[in-house]
Each structure stands twice: as structure tokens, then as C-alpha cells.
Amino acid sequence: MNLTLKIWRQKNSKAKGVVETYKLSDVSPDSSFLEMLDVLNEGLVEKGVEPVAFDHDCREGICGMCSLYINGEAHGPDRKVTTCQLHMRMFEDGETITIEPFRSAAFPVVKDLVVDRSAFDRIQQAGGYVSVNTSGNTQDANALPIPKVDADKAFDAATCIGCGACVATCKNASAMLFVSAKVSQFSLLPQGKVEANRRVANMVSQMDEEGFGNCTNTGACEIECPKGISLDNIARMNRDFLKSLVVAEDK
Ligand code: SF4
Ligand code: FES
């Protein structure tokens, strides 16, 4: 495949970004999108040009690090895949592909296509955990009977990989899908009910503090989410949040 790549280049968070154009030939349709960028970078290094910085780690759809906005879509044109799982056969020979970083005020660009998503870490730290007794007498989680339907919903919510595509896709840069998945994975289970009110209140408060926008139910996040996280989680989080406002609990 022969491709024209239009890639966002930005030296650092303070510098002004610019779209640079690169030509790439003989790209295998079976290569992944990140492998295609590896080939581009090898060529740039050989020419003495600074390679394009982009985020990646597992390259198998698990870590949530890869975060490219490709031809106007988070993680590109395929559905329920991350950028690292996207293959070049999804594109046409001779196509021009535009590659940008995930854009949100809460995700500042670090360099080129790399953004700082530590806002998600801080939301997690605000409440995305359960407190357990580690005295050695900890009850085995499997000893608690849990309705299968709740276990399934909690598992589905827990598949969120924190990639940030929901934020990048949303016209409001809302993080509600991410936060609601992290709230739901605990609030549906008995182990998570103890701190449920405090958790949702603190995580929503941190989400607002980080500068994410509000949800207006457009549903774009659900469509672009590589893990198919359902909007039902947002409805559940809204209910849990309202409940937290009327239930007295130590915050
Ligand atoms: S909800 Fe989906 S799009 Fe948002 S961070 Fe989680 S996996 Fe990524
Ligand atoms: S590199 Fe880990 S999900 Fe893409």
C-alpha cells in the first residue's frame, strides 16, 4: 500500500503544533497501524529526522496506552478495537490518513501524538478501589454469592482500559463513560457497596476538578469505545451520585 500521512507534530506542551506530511510506500495491509508508524519512524531516523512520538505498551488491546485520533475517529475506522489492534487493510491503497493526538483540555499534549492522561489516574485515586482487611483473615471474594447478572455487568464495566477515547470523541470532552465504568465495576458488587456513596461523590468531584465536560447523552463515547462500555453505566452512576447526595456518609 502507498500512503500519505498527515501527522500532528508538536515539540512539547508549550510549542505550537503543525501538521506534517509524509509519504510511505510498500506498507503491508496485514501490518498493524502502530507497525506502520514504526516503519515510518525507522525511515525518519535514517534521514536524521526526529521520529514521531506516540504512546503504546501492550500492543494487544489491554493497556489503554495507544491513543490516536485517525481520520477524525478515536482509534480509527474499525469498531471495538484499539489503535494497536487496527490493521492497515482497513484503509485504501493511496489513501491520505490524518493522525492527531486525543484532544481535550484535560489531556494536554506532551509531544507529537502523546498526551498526558494522568487526570484519569487522579480520578481513580479519588475512589476507584475497595478497602479490605489485610490482617490475614480476608474473606475469599468467591465465598460471597453474587447474582450472575450483576457479576456480568460488573465484569463488563471492569473491561474499561482507561484509554480516553470516550473523552476524545465527546464534543464536550466528557469523561462520564470512563468514570461510570470505574464506579459501576465496584457498585454492582457487595465488596464495593460499603464505600459506594463516598466513591461516586469523590470520583465525580475529581472528574469535575480535572476540567472534563458534562455529558449531554449524545452517545458518541459508546460507539467509539474499544471495549463496548455501555451508556447504562452512566445512568447507574447518575443514580448512585444522586443517592450519595442524600445519604449521610463520612466523605
Ligand atoms: S470507557 Fe471505553 S473509551 Fe472510555 S476509557 Fe474506558 S475503554 Fe476507553
Ligand atoms: S498498546 Fe496497549 S491497548 Fe494499545
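Which domains does the domain assignment of the protein chain give? And what does helix H5 (residues 176-187) meet in H9?

Modeller: First, a word on the source. This is a predicted model, in which local features need pLDDT of at least 70 and side-chain atom pairs count only at pLDDT 80 or more, while totals for chains, interfaces and linings use all residues. Residues are numbered from 1 along each chain as its sequence is written, and chains are lettered from A and ligands numbered from 1 in the order in which they are written.

Now the domains. The assignment gives domain 1 (3-111) and domain 2 (118-246); such bounds come from an automatic or database assignment. Taken over C-alpha atoms, the two centres are 29 Å apart. The domains touch: 18 residues of domain 1 are in contact with 16 residues of domain 2 (contact: C-beta atoms, placed from the backbone, within 7 Å). The touching side of domain 1 has 9 nonpolar, 6 polar and 3 charged residues (nonpolar: Ala, Val, Leu, Ile, Met, Phe, Trp, Tyr, Cys and Pro; charged: Asp, Glu, Lys and Arg; polar: the others, Gly among them).

Next, your helix. H5 covers residues 176-187 (helices are DSSP runs of H or I, at least four residues, and strands are runs of E, at least two, numbered from the N terminus). Take helix H9 (residues 232-246) as a partner. The two axes come within 8 Å and cross at roughly 70 degrees (axes are lines fitted to C-alpha atoms, for helices over the stretch in contact; angles run from 0 to 180 degrees between N-to-C directions). H5 and H9 are therefore roughly perpendicular to each other (65 to 115 degrees; under 35 is roughly parallel, over 145 roughly antiparallel, the rest oblique). On the H5 side, the contact uses Met176, Leu177, Val179, Ser180, Ala181, Val183, Ser184 and Ser187. H9 answers with Asn233, Ile234, Arg236, Met237 and Asp240. These residues divide into 7 nonpolar, 4 polar and 2 charged.

H5 also meets helix H7 (residues 196-209). Here the axes come within 10 Å and cross at roughly 170 degrees. H5 and H7 are therefore roughly antiparallel to each other. Val179, Lys182, Val183, Phe186 and Ser187 of H5 face Ala196, Arg199, Val200, Met203, Val204 and Met207 of H7. By class, this contact has 8 nonpolar, 1 polar and 2 charged residues.

A shell of 14 residues surrounds the ligand; the closest are Cys160, Cys163, Ala165, Cys166 and Cys225 (near: C-beta atom, placed from the backbone, within 6 Å). Helix H4 (165-169) and H5 are the elements that give two or more residues to this shell. H5 gives the most, with 3 residues. The shell has 11 nonpolar, 2 polar and 1 charged residues.

Last, the strands. Five of them form an open sheet of mixed pairing, in the order E2-E1-E5-E3-E4 (strands pair if DSSP finds at least two bridges between them). E2 and strand E4 (73-74) stand at the edges with a single partner strand each, so one side of each has no neighbour in the sheet. E1 (residues 3-9) and E2 (residues 18-24) pair in the antiparallel sense over 7 bridges. There, Leu5 has Tyr22 as its bridge partner. E1 and E5 (residues 96-101) pair in the parallel sense over 4 bridges, and Lys6 stands opposite Thr98.

Note on methods: Contact = placed C-beta atoms within 7 Å.
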